Amino acid sequence: MTQEPELDVLLETERTFPPPPAFADAALYNDPGVYERAAADPESWWAGWAEELDWIEPFEQVLDWSDPPHAKWFTGGRINVSANCLDRHVEAGNGQRIAFYWEAEDADQAGPEGRKEITYAWLLDQTQRFANVLRGLGVGKGDVVGIFMPMLPEAAVAMLACTRIGAVHNVVFGGFSAESVKERMEVSEAKVLVTADATLRRGNPVPMKSQIDSALDELPVMKHVVVVDRCGTGPPMKEGRDLDWAGAVATADPVCPPEPMDAEDPLYLLYTSGSTAKPKGIVHTTAGYLTHVTATHRMVFDLKDDDVYWCAADIGWVTGHSYIVYGPLANGATSIMYEGAPDYPEKDRWWEIVERYRASILYTAPTAIRSFMKWGDEYPGRHDLSSLRLLGSVGEPINPRAWLWYHEKIGGSRCPIVDTWWQTETGGIMISPLPGLTTTKPGSATVPLPGIEAAILDSEDKVVKVGAGTLVLTKPWPGMARTLYREPDRFVETYWDRYGRDTYLVGDAARWDEDGYIWIVGRIDDVINVSGHRLSTMEVESALVSHPSVAEAAVIGVNDEDTGQAIVAFVTPRDGVEDGPELTAELRQHVADRIGKLARPRKTCFASDLPKTRSGKIMRRLLRDIAAGKDLGDVSTLRDPGVVDSLSEQINRDQ
Ligand code: WTA
């Protein structure tokens with residue numbers, strides 16, 4: 001992403017977008033007093049939301065913050081997440097309401113199987129059955145179940161079935177490699193894995209089950225694998241270990257009463273990248289998380305009964321957990337779930353879907369918006385998008401140019417855009433406009449939601465009123481991560497030690513402007529955000545150095561017009577190994593095998609040494625400057641100043 005043109009767009013426009021009056025009039029939140037009311041008493045604000053859920057035992061205390069950073073929300077309460085997402089809607093007579101319009105990638109060829117109307121009653125039936133299947137496989141309360149699935153309704157069923165019986169799910173994004181699945185199953189000691197034979201991608205089945213088979217053999221704790229037959233590819237099934245989803249569900253007992261869970265029982269684990277090579281197992285608990293995602297989903301998306309809501313994220317990321325599964329289902333929403341690629345069979349697939357189901361809310365990531373922008377206006381132009389009334393963005397800062405395109409070409413200049421800032425760790429949205437209240441500025445996530453408090457601190461830890469610094473959250477919130485799985489000390493060190501245990505270190509730099517708007521600048525740690533996917537530089541480096549030809553590697557993120565950031569790798573091959581395009585290709589494949597395709601370096605530069613200080617520390621800042629083509633100034637303190645020229649030359653060669 002080049003800086004100057006973006007700045008032009010901003011200066012040129014300096015436009016602000018107040019909520020359209022008709023939208024504001026009809027909005028759930030259009031009284032600005034909500035911010036003050038929530039700030040005056042955040043605990044009653046959140047308690048109000050919690051009370052809208054169905055409790056098995058009411059809670060006694062809203063928040064126990066006596067031992068920060070260990071928050072306990074809604075203590076004494078007992079609740080079941082699946083009962084709140086399913087049973088209460090069915091009991092209220094809404095069993096036939098559509099939870100998901102599911103659309104297969106090959107919908108036009110697949111007959112009635114290609115487009116399914118998934119009702120709340122069907123989800124409840126399948127969830128109870130699959131919960132009994134899990135029980136039959138020896139899964140009980142507190143046990144971990146792995147889920148490695150494409151975008152199928154069964155993925156949601158598997159998650160809900162876990163919550164039904166108090167098992168803890170650990171979903172791994174379907175694009176990750178076998179190695180990543182294995183590592184995440186190993187560290188969480190998952191007993192069962194739910195997967196599919198294959199996933200359909202641009203018309204072709206991409207194997208899942210057979211791809212991970214050899215890794216599964218190395219997991220002694222993993223007793224069973226349940227396989228959804230999506231593509232009929234018939235992967236090998238291991239006798240006694242592997243079973244077919246459809247057969248198991250068809251013969252299972254259809255009744256499984258919801259397990260009464262303590263408010264603070266763990267709900268799920270989700271591994272995400274941090275600043276070390278080892279992913280962090282974020283732990284979310286039951287009642288606080290459910291309260292947070294229910295409240296934010298309703299407020300931020302101004303959710304009404306007749307909305308058709310589409311969160312186009314993957315279920316394997318936190319956005320899918322919070323805003324495809326738990327928030328929307330708890331709110332009884334009707335959603336769209338699309339299985340496949342956005343450009344298959346044509347680049348207008350999403351817009352065809354919007355038109356077909358009359359989608360009214362669309363929530364996606366800037367990286368997708370930038371692709372659509374590049375493909376051209378003609379694709380959305382082919383379809384009637386007049387059903388849309390609200391647009392959302394998540395995952396990375398949205399550049400003003402993409403924001404304006406989204407607003408104009410997708411939203412027909414009539415839909416407010418909610419740019420929602422949050423993280424896997426926060427569980428739900430934290431900083432975002434309320435669409436009926438907030439005047440938006442393209443590129444700014446605007447202000448913290450009611451009940452949320454943020455601050456920006458400068459290098460001397462002083463609060464910044466107008467200006468840039470480190471973003472922190474200064475009050476506990478119900479969806480906050482409670483710990484890192486089996487690494488409680490790392491949780492405290494990573495997020496809470498820096499400013500004194502009651503202040504959460506986000507890891508992003510941000511700026512308040514003179515109107516009190518927050519602009520997220522980017523990460524301050526070694527996390528790279530590629531197409532909205534979080535990766536750690538160390539994770540990629542450790543994958544690279546595990547290759548026999550590599551002696552040393554350093555990885556940085558550089559700005560990229562399409563993917564937000566892209567990975568550049570600097571590699572020193574082992575003695576006697578020849579570098580060049582072949583090694584580059586081999587290393588890309590190696591990283592894909594170790595982590596997943598999304599972690600492959602965009603560019604690889606080779607050198608006999610990496611720029612280091614005399615004490616031997618790799619100078620990443622210098623690598624970033626090399627990649628950005630900046631003037632490097634005095635490099636004489638380097639151990640071998642010559643390597644810089646060689647690297648600069650390679651970077652510039654084909655730019
Ligand atoms: C970035 C995704 C700017 C940020 C929900 C954060 C954003 C990280 C935005 C979390 C946004 C997310 N504007 N930056 N609207 N949303 N980010 O855990 O750097 O995958 O810390 O959660 O993405 O990524 P994660």
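A helix here is a DSSP run of H or I with at least four residues, and helices are numbered from the N terminus. The model shown in these views is predicted.

**Figure 1**
Side chains of opposite charge can pair when their charged atoms come close. Buried means under 20% relative accessible area. Arg-129 has a relative accessibility of 18%, so it counts as buried. Asp-125 is at 26%, and therefore counts as partly exposed.

**Figure 2. Arg-241 and Asp-242 are joined by a salt bridge.**
The N to O distance between the two side chains is 2.6 Å. Are the two partners buried or exposed? Arg-241 counts as buried, at 9% relative accessibility. Asp-242 also counts as buried, with a value of 11%.

**Figure 3. A salt bridge links Lys-280 with Glu-425.**
The closest N and O atoms of this pair are 3.7 Å apart. Lys-280 is buried, at 4% relative accessibility. Glu-425 is buried too, with a relative accessible area of 2%.

**Figure 4. Six residues are joined by salt bridges into one network: Glu-103, Asp-108, Arg-115, Arg-349, Glu-352 and Arg-356.**
The salt bridges in this network share partners. A search of the whole structure finds 55 salt bridges.

**Figure 5. Helix 5 packs against helix 6, with axes that come within 9 Å of each other.**
Two packed helices are described by the angle between their axes and the distance between the axes. Helix 5 covers residues 81-94, and its axis crosses that of helix 6 at roughly 135 degrees. The two helices are therefore oblique to each other. Their crossing is left-handed. Helix 5 contributes Cys-85, Leu-86, Asp-87, His-89, Val-90 and Asn-94 to the contact, and helix 6 contributes Tyr-120, Ala-121, Leu-123, Leu-124 and Thr-127. Sorted by class, the contact residues are seven nonpolar, three polar and one charged.

**Figure 6. Cys-85 is a buried residue of helix 5.**
The relative accessibility of Cys-85 is 0%, so this residue counts as buried. Which residues does Cys-85 contact, leaving aside its neighbours within four places in sequence? They are Tyr-120, Leu-160, Tyr-326, Leu-329 and Ala-330. Leu-632 lies elsewhere: its C-alpha is 56 Å from that of Cys-85, and the two residues are 547 residues apart in sequence.

**Figure 7. Helix 7 and helix 12 pack with their axes 11 Å apart.**
Helix 7 covers residues 153-165 and helix 12 covers residues 318-330. The angle between them is about 60 degrees. This angle makes helix 7 oblique to helix 12. The crossing of the two helices is right-handed. On the helix 7 side the contact involves Ala-156, Met-159, Leu-160 and Thr-163, and on the helix 12 side His-321, Val-325, Tyr-326 and Leu-329. By class, six of these residues are nonpolar, two are polar and none is charged.

**Figure 8. Helix 20 is mostly covered.**
How many of the eight residues of helix 20 are buried? Six are, in a helix that covers residues 620-627. The buried residues are Arg-620, Leu-622, Leu-623, Asp-625, Ile-626 and Ala-627. Among the elements that cover them are helix 18 (537-545), strand 28 (550-560), strand 29 (564-573) and helix 21 (642-653). Gly-629 follows helix 20 and has a positive phi, near 70 degrees.

**Figure 9. Asp-625 is placed in helix 20.**
Not counting residues up to four places away in sequence, Asp-625 touches Lys-630 and Leu-632. Asp-625 and Glu-425 are 200 residues apart along the chain, and their C-alpha atoms are separated by 30 Å.

Terms used
Residues numbered from 1 in each chain as written. Predicted model: local features only at pLDDT ≥ 70, side-chain atom pairs only at ≥ 80, totals over all residues. Heavy atoms only, no water. Salt bridge = Lys/Arg side-chain N within 4 Å of Asp/Glu carboxyl O. Buried < 20%, exposed > 50% of the residue type's maximum accessible area, 1.4 Å probe, protein only. Axes fitted to C-alpha atoms, helices over the stretch in contact; angles between N-to-C directions. Parallel < 35°, antiparallel > 145°, perpendicular 65-115°, else oblique. Left-handed = near helix turned anticlockwise from the far one by under 90°. Contact = heavy atoms within 4.5 Å. Nonpolar A, V, L, I, M, F, W, Y, C, P; charged D, E, K, R; others polar.
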